[in-house]
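Colleague: Before we turn to particulars, may I see the structure under discussion?

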Amino acid sequence: MAESRRVHGLAGLQRAFDEVRFGATRTLNLRESLPTGAEAARRLDAWLRQHQVQESAELLVITGRGNNSETGIAVVREAAIRVFHELQRKGVVEGFAEHTPGSFVVTVAPISAMVEGTKRRPEPDASPAPAATPTLAALGAETRQALRVLAERSLDALGVRERGPFVESEMLRLFGVLAPSVGSAAERESQLRMAIERAMAELD
């Protein structure tokens with residue numbers, strides 16, 4: 001009984017330290033809602049992309065150890081690790097490490113890493129860029145102009161001298177890269193502009 005109280009006390013102390021270190025806004029507790037692996041992956045992917053736009057520091061992802069799983073397999077934990085690796089390859093996650101047997105500390109990468117990573121490591125099976133008319137045309141003039149400036153800077157960084165013919169396609173590519181990082185529809189355009197501005201600052 002004494003040993004049980006001691007372990008419980010240590011776990012409570014760990015939670016207290018985590019609350020101070022990460023706070024509620026930088027903690028995602030996937031264990032509480034008991035999602036499927038696919039649900040956990042979707043939530044985690046969107047959450048990490050959002051925190052990249054917000055330039056968050058270290059993040060805490062609680063997956064649990066899978067002790068209560070019917071199969072005995074830590075489904076949520078394994079799904080999270082797959083998401084970490086995928087987003088690390090895409091330039092969204094800079095690094096991750098096991099924090100406790102049921103949680104991970106994740107560091108998001110700067111937005112420029114996602115832009116550059118997609119540019120230099122194209123995926124053959126990636127979804128095609130959105131068509132110009134239904135996507136860029138739906139954006140406000142201010143957002144389109146900001147996206148154009150970012151595209152021009154991106155082409156300059158690649159050493160493209162005659163960038164004119166490529167600006168539109170680069171705008172579409174960048175829009176496709178940044179769009180998954182924005183939040184709800186009501187705030188999507190303002191968040192997209194914020195992501196564009198941060199990407200430009202990092203390219204300077």
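**Salt bridges and the sheet**

Modeller: The structure holds eight salt bridges. Please bear in mind that this is a predicted model.

Colleague: Which residue meets Arg21 in a salt bridge, and where does that residue lie?

Modeller: Side chains of opposite charge can pair when their charged atoms come close. For Arg21, in helix H1 (residues 2–22), the pairing links distant parts of the chain, 37 residues apart. The N to O distance is 2.8 Å. The partner is Glu58, in strand S2 (residues 58–62).

Colleague: Is Glu58 buried, partly exposed or exposed?

Modeller: Buried would require a relative accessible area under 20%, and exposed one over 50%. Glu58 has 32% relative accessibility, so Glu58 counts as partly exposed.

Colleague: How many residues apart in sequence are the parts tied together by Glu55 and Arg198?

Modeller: The side chains of Glu55 and Arg198 meet in a salt bridge of 3.3 Å, N to O. Glu55 lies in the loop between helix H2 (37–53) and S2, whereas Arg198 belongs to helix H8 (residues 188–203), so the parts tied together are 143 residues apart.

Colleague: What is the N to O distance in the salt bridge of Arg77 and Glu98?

Modeller: This pair also links distant parts of the chain, with Arg77 in helix H3 (residues 75–89) and Glu98 in strand S3 (residues 93–100), 21 residues apart. Glu98 is partly exposed at 48% relative accessibility. The N to O distance of the pair is 2.3 Å.

Colleague: Which strands stand at the edges of the sheet?

Modeller: Four strands form an open sheet of mixed pairing, in the order S1-S2-S4-S3. An edge strand here has a single partner strand, so one side is left without a neighbour in the sheet; the strands in question are S1 (27–29) and S3.

Colleague: Which residue of S4 is the bridge partner of Val93?

Modeller: S3 and strand S4 (residues 103–108) run antiparallel and are joined by six bridges. In S4, the bridge partner of Val93 is Val108.

Colleague: At about what angle to S3 does H3 run?

Modeller: Two helices may be described against this sheet. H2 lies across S1, S2, S3 and S4, at about 170 degrees to S2. H3 lies across S2, S3 and S4, and its angle to S3 is about 155 degrees.

Colleague: Which residues of H6 are buried?

Modeller: Helix H6 (residues 141–157) has 17 residues and reaches 24 Å from its first C-alpha to its last, close to the 24 Å expected. In an α-helix there are 3.6 residues a turn, so residues three or four places apart point the same way. The buried residues of H6 are Thr143, Ala146, Leu147, Leu150, Ala151, Ser154 and Leu155.

Note on methods:
Residues numbered from 1 in each chain as written. Predicted model: local features only at pLDDT ≥ 70, side-chain atom pairs only at ≥ 80, totals over all residues. Heavy atoms only, no water. Salt bridge = Lys/Arg side-chain N within 4 Å of Asp/Glu carboxyl O. Buried < 20%, exposed > 50% of the residue type's maximum accessible area, 1.4 Å probe, protein only. Expected span 1.5 Å × (residues − 1). Pairing = 2+ DSSP bridges. Contact = heavy atoms within 4.5 Å. Axes fitted to C-alpha atoms, helices over the stretch in contact; angles between N-to-C directions.
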